[in-house]
Amino acid sequence: MVDVSVVIATYNRSRQIREAIDSVLAQSVPVREVIVVDDGSKDDTRAQLLAYGDRIRPFFQANGGASAARNHALRMAQGSWIAFLDDDDVWLPEKIKQQWDLVRKNPALGLVYCSDYAVDEQLRVLYSREAQPQNRGEVFDRLLIKNFIFTSCVIARRDAIEKAGYMQPEFKFAQDWDLWLKIAAEHPVDFAPAPLVLYRQSPTGCLTHDMKADDRLLEMKTILQRALKLRKVSPAARRRAVFEIESQWASASLTNGRNAAAFPHALQAVAAQPGSLEGYRLSAYSLVPKGVRTWAKMLLRGKDSSAAAEANAAMKQQAVAGQNSTTPAVIIMNMFYSGLAIARDLAGTGVRVIGLSADPKAYGNFTRFCEVRTAPDSQSEPEKLAAFLTKAAGELAGAVIFPTRDADVVFLDRYRDELKDYRLSIPPRTALMRALDKGALIEYAQAAGVPAPKSLVAHNADELKRVPAELGFPCVVKPVSSYLWRGEGRWQAVGCRKAFMADSWEQLKAEYDSVATVNPDVLVQEWIPGSTKDIAIMGAYFGQGSEALGYFCARKLVQEPDDFGTGCVVQNVPLEEIVQPSLRLCKRLEYRGMAEIEYKRDENTGEYKLIEINTRHWDWHQLSHMSGVNLTRVAYTDLTGHRLDASTSPRPGGKWVAEDTLLLHSAAGIYNRRLSLRTVLRQLSGPKMFGIFQWADPMPFIRFAFSSIFPTMGKMAMKKLRSKG
């Protein structure tokens, strides 16, 4: 027997309390006593407790809240150590033994915790929360910044708890954090690394009363201010702790439409961490008057208002989880179209979203839907980024990482082992290599019965000589993998092109000699006759067994540049002709993950031929919302087991518009008399969503307009005036 008293407070959980108690009685080493306090339950909890006889010590009181119930149990306890257990959680059999071994080795310890598993109502594991190596020993400064110790994982010295004054009844939300801080201020802390607790994500029977976000944050701020007086704290830890509280408070106020209340907290966040973009972002958004959005909607007669209303409603539903959040976070690599859309995809879910940005001018840095951190670039500084993420694992272990560029995908694949603490949203390595290698992809497509253009891979100028006889002209030349033409210097060396077309051997040879200096390996394909509108795409997320868990189809209407550009107006349309071929292809590849599968319709035969697969989120993936599915939420659910509602309101024929690219494309077309204003307006007709602009999140567009669109349009106007002069 170990000298440990187990204390459990319960309220209206007659079924779960039995599982909790049974897990204590099933420990590999017996404990001194099990004390259960019923906090005024109205169900049959009393009968369930009395049925245990003398195996537990039950107590009954009028409802007084979590702290009062636990304090009642603490005062009755006789053991020298106290183990806490919530009434809906379950211990694994070795929990007490492994923690007691640490206590015997180091009698100076004041508290020992452990890793745990988050589970559903049926105790099925959703994900694990691993204790981090740096969070042992003298942890007071780190605990100020974030509460990484969870109640059911703790055993603590009874004398340390008594000196701390038990749990404070005035606190309804973070009373456990307050107690851990008081213990950590005077004692070292350790942990058992193995997950030893099943932490149930239960919506029923809660000891903590519902609290408004402001009340929770005020409580946390009060706890922090008192803790700062317990012992000397490093200035960096003090500033970071203040920043975390104030930025959460500003964000919560903005979520509830209270800009004036948000502003002072945003300013305090800036003062605490002047080097962080997050405080400035929150301050800037706080200055956007609440009526601006309503006025603009009326001006445009409600156009695009549904997306804004949807996002706003979702954000108002989002509870401030604070420092006790158990939901796996999301990390977004780069904050341009794709990254900004991912952040918006997750609005209102309660998931913590962190954007990594190497470009301080990226418009996505200013979104209200995620916190943004400056980080090294995956393409130019991969080693530094790997070190950055490895260090951040102490805070963000278990987070999902979403790449938004091919270079990000290659980086994540290269550092899979180093990033094992994260969930990487990329396909398994074998499938990834098959998809990235365009030559191999064509072979797998042919094996799956998926139409593809005639192709050959050339590794040198001699092999290129096969093109006239085997493919003819015109032909298209691409890198065997897209990322080989990207990166510093390489993109400029290939003429800033994804591919090029050659109409003759002489042109092909000259162009090849140029791009071969970057990389001699190229894929050459027959030209598929057709226009931009013949380009069709199936966007999907594939789960276990290459099952399509969600998908939609779309067609490009405008791309820039015209031949091998990026779509700047894309429309969701039903295209069953490409669905079955795509499913066969991904099954053949043994593919799992996000995929943009692109085809082009041969205008001579009517056949859709495979072009490529993108193995990550792409610029306009958010168009999936208009088809009834949120692919980012589908991916998150598959990767974490934590279910998010991925259904949306379908809007058939809806369009995604890259407003910045389309504006410049249209201005140049009208200026050169290739386009008319009527054509441009027709392209924009019908329901639509924008790549940057959103009523519920206007700051990215405002920032981009003043830093890029207006200056560019001004230069074009000056050029026009000079030409007339």
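Visitor: Which α23 residues do Leu441, Tyr444, Ala445 and Ala447 in α18 meet?
Guide: Leu441, Tyr444, Ala445 and Ala447 make up the α18 side of the contact. Keep in mind that this is a predicted model.

Visitor: Are α18 and α23 roughly parallel or roughly perpendicular to each other?
Guide: Their axes come within 9 Å and cross at roughly 115 degrees. The roughly perpendicular class runs from 65 to 115 degrees. So the label for α18 and α23 is roughly perpendicular.

Visitor: Is the crossing of α18 and α23 left-handed or right-handed?
Guide: The pair to look at is α18 (438–447) and α23 (residues 576–589). As α18 passes α23, the crossing is right-handed.

Visitor: About what volume does the largest cavity have?
Guide: The structure holds 5 cavities of 30 Å³ or more. For the largest cavity, the volume is about 60 Å³.

Visitor: Which element gives the most to the lining of the largest cavity?
Guide: At least two lining residues come from each of α17 (429–436), α18 (438–447) and β23 (608–614). With 3 residues, the top contributor is β23.

Visitor: How many residues of the lining of the largest cavity are nonpolar?
Guide: By class, 3 of the lining residues are polar and 3 are charged. The nonpolar ones number 4.

Visitor: Is α9 roughly parallel or roughly antiparallel to α10?
Guide: The axes of α9 and α10 (residues 259–272) come within 8 Å and cross at roughly 160 degrees. Angles over 145 degrees belong to the antiparallel class. That makes α9 and α10 roughly antiparallel.

Visitor: How many nonpolar residues does the contact of α9 with α10 have?
Guide: The α9 side includes Arg239, Val242 and Trp249, while α10 brings in Ala261, His265 and Gln268, among others. In the breakdown, 5 residues are polar and 2 are charged. Nonpolar residues number 10.

Visitor: How do α9 and α11 run, roughly parallel or roughly antiparallel?
Guide: Helix α9 (residues 235–255) packs with helix α11 (residues 277–286) at about 30 degrees, with the axes 10 Å apart. Angles under 35 degrees fall in the parallel class. Therefore α9 and α11 are roughly parallel.

Visitor: Which α11 residues do Phe243, Ser247, Ala250, Ser251 and Leu254 in α9 meet?
Guide: Phe243, Ser247, Ala250 and Leu254 also take part in the contact with α10. The crossing of α9 with α11 is left-handed. On the α11 side, the partners are Glu278, Gly279, Leu282, Tyr285 and Ser286.

Visitor: Which peptide bond is cis, with omega near 0 degrees?
Guide: Head for the loop between α20 (467–470) and β16 (475–479), where Pro474 is found. The cis bond there leads from Phe473 to Pro474.

Visitor: Which residue has a positive phi of about 85 degrees although it is not a glycine?
Guide: This one sits in the loop between β10 (330–333) and α14 (337–345). The residue with that positive phi is Asn334.

Methods
Residues are numbered from 1 along each chain as its sequence is written. This is a predicted model: local features need pLDDT of at least 70, side-chain atom pairs count only at pLDDT 80 or more; totals for chains, interfaces and linings use all residues. Side-chain values use heavy atoms; hydrogens and water are left out. On a 1 Å grid over the protein atoms alone, a cavity is a set of points where a 1.4 Å probe fits but cannot get out, and a pocket is an open set with protein on both sides within 12 Å along at least five of seven lines; lining residues have an atom within 4 Å of a point. Grid points are joined across faces, edges and corners, and a volume is the space filled by probe spheres set on the points. Helices (H or I, at least four residues) and strands (E, at least two) are DSSP runs, numbered from the N terminus. Ala, Val, Leu, Ile, Met, Phe, Trp, Tyr, Cys and Pro count as nonpolar, Asp, Glu, Lys and Arg as charged, and the others, Gly among them, as polar. Axes are lines fitted to C-alpha atoms, for helices over the stretch in contact, and angles run from 0 to 180 degrees between N-to-C directions. A crossing is left-handed if the near helix is turned anticlockwise from the far one by less than a right angle, and right-handed if clockwise. Contact means heavy atoms within 4.5 Å.
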